[in-house]
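Here is a short briefing on one protein chain. Look over the sequence and the 3D view, then read on.

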Amino acid sequence: MKRIYQIHVAALTTLLILFQGVAHAEVQEYDLKAAFIYNVALFTDWPADTFEEKDSAFNFCVTGTDPFGNALEPLRAKLLKQRKINILSLAKNPDLNRYQVLFIPVTEGQRVESILKDIKNSSILTLSEDNSIYKKGIMLNVSIIDNKLRFQVNLDAVSAAKLAISSKL
């Protein structure tokens with residue numbers, strides 16, 4: 001049986017405190033999801049050989065139609081484990097294996113199996129916002145239900161990618 005755990009986060013404010021880039025009072029869904037992605041990455045360890053150089057950046061990508069708008073932009077000004085963060089376009093950078101964080105939106109449901117096949121054996125943190133996509137092998141599924149951020153973690157997929165997500169998350 002797959003080790004899939006659903007973890008509910010009751011207080012959105014905790015997440016917002018950790019992510020200082022979201023400053024306005026009314027938090028939009030994708031601002032919150034961007035903060036979540038950043039914080040998950042903070043609590044994730046990648047294998048030592050993930051990066052080509054000591055100063056290589058973390059590369060984040062959203063496949064297909066990007067629902068984030070400008071919500072990921074504040075991440076460019078942050079460091080993640082002492083590394084710069086790049087937000088890259090899949091259209092301009094089609095090699096999926098150059099990313100460390102890959103968000104697959106609901107609009108990519110038809111392509112998810114192909115995407116996962118292309119990154120098999122790669123240490124890429126995969127996230128989605130759709131339960132049907134998550135069930136196909138995505139590591140984390142994030143959603144807003146009843147004004148609360150909720151997420152599911154597929155520990156088998158995380159382990160297969162040689163990643164480690166801290167229990168502190």
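The protein chain exposes about 9400 Å², and carbon and sulfur atoms supply 49% of that area. Accessible areas come from the Shrake-Rupley method with a 1.4 Å probe; for residues, only the protein chains shown count as cover. This is a predicted model: local features need pLDDT of at least 70, side-chain atom pairs count only at pLDDT 80 or more, and totals for chains, interfaces and linings use all residues. Residues are numbered from 1 along each chain as its sequence is written, and side-chain values use heavy atoms, leaving out hydrogens and water.

**Overall build**
- The chain has five helices and 10 strands. These are DSSP runs, numbered from the N terminus: helices are H or I with at least four residues, strands E with at least two.
- Of the 169 residues, 48% are buried (under 20% relative accessible area, 1.4 Å probe, protein chains only).

**The largest core**
- A nonpolar core is a set of buried Ala, Val, Leu, Ile, Met, Phe, Trp, Tyr and Cys residues joined through side-chain atoms within 4.5 Å.
- The largest one has 34 residues; F60, F68, L125 and L140 touch the most other members.
- Elements giving it two or more residues include α2 (29–42), β3 (58–62) and β8 (140–145).
- The biggest giver is α2, with eight residues.

**A second core**
- A separate core of 15 residues includes L116, I119, I124 and Y134.

**Helix α2**
- In α2, 12 of the 14 residues are buried, so the helix is largely enclosed by the rest of the structure.
- Among the buried ones are Y30, F36 and V40.

Methods: Buried < 20%, exposed > 50% of the residue type's maximum accessible area, 1.4 Å probe, protein only.
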